[in-house]
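Colleague: I'd like to learn how to read a structure like this one. Can we go through it feature by feature?

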Amino acid sequence: MTFQILVSDPVNQEGLEPLLSNQEVNVDQKTNLSEEELHELIPQYDALIVRSQTTVTASLIEAASQLKVIGRAGVGVDNIDLDAATENGVIVVNAPDGNTMSTAEHTFAMMMSLARHIPQAYQSLMNGKWDRKSFKGVELNKKTLGIVGMGRIGTEVAQRAKACNMSIVAYDPFLTEERAQKLGISKGTLDDIYEQADFITVHTPLTKDTKHMIDEQAFAKMKNGVRILNCARGGIIEENALLEAIEDGKVAGAALDVFEEEPATHHPLLSKPEVIATPHLGASTEEAQTLVAYDVSEEILRILKGEPFKNAVNMPSISSEVREVLEPYYYLGEKLGEMAIQLVLEAPTKVTITYAGELTDYDTSSLTRNVMKGLLSYHLGDKVNVVNTFHMAKSYNLSYSVEYSGSAQDFTNLITVSIETKRGTRTISGTMLTGYGPRIIKIDDYSIDIAPDTHLLYIQHRDTPGMIGLVGTTLGKHDINIATMQVGRKEEGGDAIMMLAIDRPTDQNVFHDLGLIENITSVKDIHL
Ligand SMILES: NC(=O)c1ccc[n+]([C@@H]2O[C@H](COP(=O)([O-])OP(=O)(O)OC[C@H]3O[C@@H](n4cnc5c(N)ncnc54)[C@H](O)[C@@H]3O)[C@@H](O)[C@H]2O)c1
Ligand SMILES: O=C(O)[C@H](O)COP(=O)(O)O
């Protein structure tokens, strides 16, 4: 099978090499597509690679019937409808590290240009003027830089600012006193920044919280003559408020790489001599573009091949160590989910997943996704995957909870899935046995020991002599070979179960004949 990949924004060719050189994928690079053209083309693609130009809307995602992954060759994913991607089971991955240096350096270039009016002076000289009076600047030395957002880029900017002998006051909800001290900066509030800073630079994502975070009230609190930079996302600074603050003389200069609406060729801020601007060039270096394209290409290949990946934006990420430990359990978890749902005859109302033994030492959320995927996909098919499984559960009013138990009985690890319905609760437990792999070890109160094979037959009966022979003969009559058989009972002569792994699926005739055997109370085939 050849996977089809569409690249709809200009992406570095060297970075795309892992995809271009791979025989299992076909890459179409079609930039500048109109919205209509993109809608028309998207149904044939398994993966889409974008930068910030392509707006990936809910309706585009809904039209993308084959789409498994959207790769953002860069950081910001505000051009992608993440909720729609999650609901449709599409993984969104980005390249969070590749353009950090590039953007931090761009911010610094902007700050120096802002302080020394370099773009304005250059323009004046190009216009034939030797003007040495109009462009007197300020030094960065001994000034205070306020940084809003101390993530990857904010941190790199802070380190460069320290080298220029600036004092730094920073605000980030995740900035601890300890980390601030380590970096040699002051941890402050937004108000501290407004009060103290000569230069303010923002490095947050655009979120509900950060949208128009720097507004009229914020400008009012700032020092007169403050200089402000935005190389993060248009909309963090309210543009009208900035315009007014420049006109009032509150803000001495602004450096903008990003705008609320891009392209922003006729923006009123661009007519202000105090404003310097670049057309969203923060990540535009050879190095960054190669890195982000490479990172996202590798991630897409991993996802298409069903291998572990790390930079998903719409799924929690897990460390490679945890992934390594949990990887063998994913199959077991999925099979337990598939088996559990086949044991119930009524609509499930609640699922409880209990982890015990060594599993309690790990973040099992990715494992829970696999259990729920197995459980839901049995009836809902492949529209359910690990990305949208929780969303799907919610949309079917199925609540789920996770519990951790101290006791794994006689095993080193144990996963138990309980499903509640109006008729009661059915429970199934499985373990990973060293040297044997995944085993189902308990159904309700009956202990068994069977591998989660493709065709299973689950028989409930009274514990009477000869039952194994009768079942074996009946299956033999229908030319069904038994691979393994397990019996379990609560007490001698009481209720008992048989779980058989058989070589081919059963049919109605087999069910009919098994039903004729006295003391068999129910027969259920289980498909895995
Ligand atoms: N101009 C460009 O070309 C360019 C290039 C790369 C990244 N970016 C943008 O730069 C921004 C930062 O990127 P990054 O790689 O450093 O991201 P990051 O995730 O490493 O850091 C973002 C930081 O912002 C902090 N934050 C979130 N909400 C906040 C709030 N209300 N107040 C203060 N801090 C808050 C987060 O805690 C986090 O530490 C993003 O918006 C990204 O899209 C722009
Ligand atoms: O978020 C990002 O990575 C930057 O804004 C870069 O965007 P770009 O890939 O469109 O240059």
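Colleague: How many of the residues of strand β7 are buried?

Modeller: Start with the word itself: a residue is buried if 20 or more other C-beta atoms lie within 10 Å of its own, exposed if 12 or fewer, and partly exposed in between, with C-beta atoms placed from the backbone. In β7 (residues 167-171), 4 of the 5 residues are buried, so the strand is mostly covered. One caution: this is a predicted model, where local features need pLDDT of at least 70, side-chain atom pairs count only at pLDDT 80 or more, and totals for chains, interfaces and linings use all residues. Residues are numbered from 1 along each chain as its sequence is written, while chains are lettered from A and ligands numbered from 1 in the order in which they are written.

Colleague: And where do names like β7 come from?

Modeller: Helices (H or I, at least four residues) and strands (E, at least two) are DSSP runs, numbered from the N terminus. Two strands pair if DSSP finds at least two bridges between them. Here β6 and β7 run parallel and are joined by 5 bridges, with Ile168 in β7 as the bridge partner of Leu145. To get from β6 to β7 the chain passes through α7, in a right-handed β-α-β crossover.

Colleague: What does right-handed tell me?

Modeller: Picture the strands pointing away from you: the crossover is right-handed if the path from the first strand over the helix to the second runs clockwise. β7 pairs with β8 (residues 186-187) in the parallel sense over 2 bridges, and Val169 has Ser186 as its bridge partner in β8. The chain goes from β7 to β8 by way of helix α8 (residues 177-183), and this β-α-β crossover is right-handed too.

Colleague: In what order do the strands of this open sheet stand?

Modeller: Its 7 strands follow the order β8-β7-β6-β9-β10-β11-β12, with parallel pairing. At the edges are β8 and β12 (275-277), each pairing on one side only. Helix α7 packs on the sheet and touches β6, β7 and β9, its direction making about 165 degrees with that of β7. For such contacts, two residues must have their C-beta atoms, placed from the backbone, within 7 Å. For such angles, axes are lines fitted to C-alpha atoms, for helices over the stretch in contact, and values run from 0 to 180 degrees between N-to-C directions.

Colleague: Which residues are buried on the two faces of strand β9?

Modeller: In a regular strand the side chains alternate between the two faces of the sheet. In β9 (residues 199-202), Phe199 and Thr201 on one side and Ile200 and Val202 on the other are all buried.

Colleague: What is the order of the open sheet with 5 strands?

Modeller: That one reads β2-β1-β3-β4-β5, again with parallel pairing. β2 (25-29) and β5 (91-94) are its edges with a single partner strand each, so one side of each has no neighbour in the sheet. Neighbouring strands here are turned by 20 degrees against each other on average, direction ignored. Helix α12 (residues 286-304) lies across β1, β3, β4 (69-72) and β5, at about 170 degrees to β4.

Colleague: How do I read a ligand's surroundings?

Modeller: List the residues near it, meaning those whose C-beta atom, placed from the backbone, lies within 6 Å of the molecule. Ligand 1 has 31 residues around it, and Gly76, Gly149, Gly151, Ile153 and Gly282 come nearest. α7 gives the largest share, 3 residues. Then sort by class: Ala, Val, Leu, Ile, Met, Phe, Trp, Tyr, Cys and Pro count as nonpolar, Asp, Glu, Lys and Arg as charged, and the others, Gly among them, as polar. For ligand 1 that gives 13 nonpolar, 13 polar and 5 charged residues.

Colleague: And which residues are around ligand 2?

Modeller: Among them are Arg51, Ser52, Asn99 and His280. The shell has 2 nonpolar, 7 polar and 1 charged residues.

Colleague: Last one: is Pro263 buried or exposed?

Modeller: Pro263 is exposed, because it has 10 other C-beta atoms within 10 Å. You'll find Pro263 in the loop between β11 (251-256) and β12.
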